[in-house]
Structures are given as C-alpha cells and as structure tokens.
Amino acid sequence: MKALVAVKRVVDYNVKVRVKADGSDVDIGNVKMSMNPFDEIAVEEAVRLKEAGKVSEIVAVSLGEKKCEETLRTALAMGADRAIHVETDTKLEPLAVAKLLKAVADKENPQIFFLGKQAIDDDANQVAQMLAALLNAAQGTFASKVQIEGDEVQIVREIDGGEETLALKLPAVISADLRLNEPRFVKLPNIMTAKKKPLEKLTPADLVADISPRLKTVKFAEPKARQAGVKVASVAELVEKLKNEAKVI
C-alpha cells in the first residue's frame, strides 16, 4: 500500500511573526522556517504504519518555492522513501493546493493520503476536505488514532462532544490532529541518508493544474494590545470590579 503525505514549509512555531509596515503581508524575511507541526505528525503516522507492515511506500509531497526541498529532506529523514517537489513561487490558496495534490495522486495512485489538519500559518483547515472531494474519496479529519485492516481504515476523530470512530473504505484522505502521535527525533545518520533518497521536481504546468488565485487579501494587521490584568484581594472586590468597572454583571 502506497501512502502520500503532504508537507508544508511554514514559519517555525516558536517565532513571533510581525506584519510589514505597509500591511501588505507578514514579514518572514530571515526567520526560522520548519515543517508544519501537524504535517510532521502526519509523516510520523505514515512511518509507523510502514513499520507495522501496513504501508509499503511513503511518498512525501511539498508545494512551493525551492527551499521546500529542505522540508522534504526532513520528511525523508523521518522515514519517507522518496519525495516530490512541485516548485512554484505563486502563493497557493487551499483549493490550488488540493488541485495540485490531486494531480500528483493521479500520477502516483496512492491508497491512503495523510495531511496535517491545518497549517499554522493560515489555519485554513481546508485542503484535506477539498482533496477528498476532488478525488471522490472517503475522508477522516482530526484523526487521533488510525488503524488499517485490509481495504478499510478505522480512525478515531475528535469532535466537540468527545470522540467519533469511523470506518473508511480505501482510498481515503486523513488529516492528523495533535494527539495522533508524537513525532520522533531525527538522528544525524538518517539526515545523511535522506540526502541520497530520490527527490523528483515538477511544476504546476507539468501537472496541468489551474492554480490561479481566487482570493484577494486586503490587509494584514496585528491584534490590538491587550490591557494588563489586575489582581484582587477578595471575592467582594472582584464582584465590585465586574459590576462597576467591567459592567458585566
């Protein structure tokens, strides 16, 4: 069984981003970039399934500028067998990403797809659902547990009321939630080995996919600074402030 895992290069989660002075975009010049944390969880799950004998090959895919190769090398070091880089400098919207992944899927014919539930830069949470729709495949989002048996994958997903268990016929698209697993630490020998693994280069034109932007971002702005909190000495003082200052009771 072949697994396709999508990974995205994003600003590292420890970096505090700033908006450009003209409000046109977020300033990511000279900041640390890394693999989207939810995509890292998706890669880890695919690798664990391969180690369990459920998956035979893992193909990592990334879309974007040339530096996305670094993200793919990380996925290869974690255990992916080969990688595909669809290189483009165009800023990709979720639908464009789904179209490109669908085109890659048509070429590779994987039986299971793993994605992070969302990217921490735009928090869109749309690609997995759109990809499943384009492929006319089953989808399991926010997965916290994945188990493959024959031509079926069973997932446990987190919902507002608790957990929901779904049985999906393959092929299926699965988006990884935070509690699915804890990604492994990549060791130096694996990093060196990853440099020798195959990495195929493609372009959107090769995949005949329409990635024309459909949205226009009007402005970026940082959230307003929050007023510092205060400590109160007693319940009576708290009630008094809520009633007379905050006016919420």
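The following questions and answers concern a predicted model.

Student: Which two strands stand at the edges of the open sheet, and why is one side of each left without a neighbour?
Tutor: Nine strands form this open sheet, with mixed pairing, in the order S11-S10-S9-S12-S8-S1-S6-S7-S13. From one strand to the next, the twist averages 30°. Each edge strand has a single partner strand, so one of its sides has no neighbour in the sheet; the two are S11 (162-169) and S13 (199-202).

Student: In which sense, parallel or antiparallel, do S9 and S12 pair?
Tutor: Strand S9 covers residues 138-149, and strand S12 covers residues 172-176. Gln-139 stands opposite Val-173 in S12, and Ala-143 has Ala-176 of S12 as its bridge partner. The two strands are joined over four bridges, and the sense of the pairing is parallel.

Student: How many bridges join S9 to S10?
Tutor: Strand S10 spans residues 152-159 and runs antiparallel to S9. Lys-145 stands opposite Val-156 in S10. The number of bridges joining S9 to S10 is six.

Student: Which residue takes a positive phi in the hairpin of S9 and S10?
Tutor: Two residues lie between the strands of this hairpin. The positive phi is near 65°, and the residue that takes it is Gly-150.

Student: At about what angle to S6 does helix H3 run?
Tutor: Helix H3 is formed by residues 94-108. It lies across S1 (2-6), S6 (57-64), S7 (82-87), S8 (112-116) and S13. Relative to S6, helix H3 runs at about 145°.

Student: What is the omega of the cis peptide bond that joins Leu-170 and Pro-171?
Tutor: Most peptide bonds are trans. Pro-171 lies in the loop between S11 and S12. The bond joining Leu-170 and Pro-171 is cis, with an omega of about 5°.

Student: Which element gives the largest share of the lining of the second largest pocket?
Tutor: This pocket has a volume of about 420 Å³. Its lining has 18 residues, and those nearest its centre are Met-33, Ser-34, Met-35, Glu-40 and Thr-74. The elements giving two or more residues to that lining are S5 (33-35), H1 (37-51) and H2 (68-78). The largest share, five residues, comes from H2.

Student: How many residues of the lining of the second largest pocket are charged?
Tutor: By class, this lining includes seven nonpolar and four polar residues. The number of charged residues in the lining is seven.

Student: About how much space lies in the largest cavity?
Tutor: The structure holds one cavity of 30 Å³ or more. The lining of the largest cavity consists of Glu-93, Leu-95, Ala-96, Lys-99, Asp-210, Ile-211, Ser-212, Pro-213 and Arg-214. By class, these residues divide into four nonpolar, one polar and four charged. The space in the largest cavity is about 60 Å³.

Student: How far apart are the end C-alpha atoms over residues 23-211?
Tutor: An unreviewed UniProt entry annotates residues 23-211 as "domain: Electron transfer flavoprotein alpha/beta-subunit N-terminal". Over this range, the chain is 32% helix and 32% strand. The separation of the end C-alpha atoms is 24 Å.

Key: Residues are numbered from 1 along each chain as its sequence is written. This is a predicted model: local features need pLDDT of at least 70, side-chain atom pairs count only at pLDDT 80 or more; totals for chains, interfaces and linings use all residues. Side-chain values use heavy atoms; hydrogens and water are left out. On a 1 Å grid over the protein atoms alone, a cavity is a set of points where a 1.4 Å probe fits but cannot get out, and a pocket is an open set with protein on both sides within 12 Å along at least five of seven lines; lining residues have an atom within 4 Å of a point. Grid points are joined across faces, edges and corners, and a volume is the space filled by probe spheres set on the points. Ala, Val, Leu, Ile, Met, Phe, Trp, Tyr, Cys and Pro count as nonpolar, Asp, Glu, Lys and Arg as charged, and the others, Gly among them, as polar. Two strands pair if DSSP finds at least two bridges between them. Axes are lines fitted to C-alpha atoms, for helices over the stretch in contact, and angles run from 0 to 180 degrees between N-to-C directions. Contact means heavy atoms within 4.5 Å. UniProt positions are given in the numbering used here, feature names are shortened, and annotations may be inferred rather than shown by experiment.
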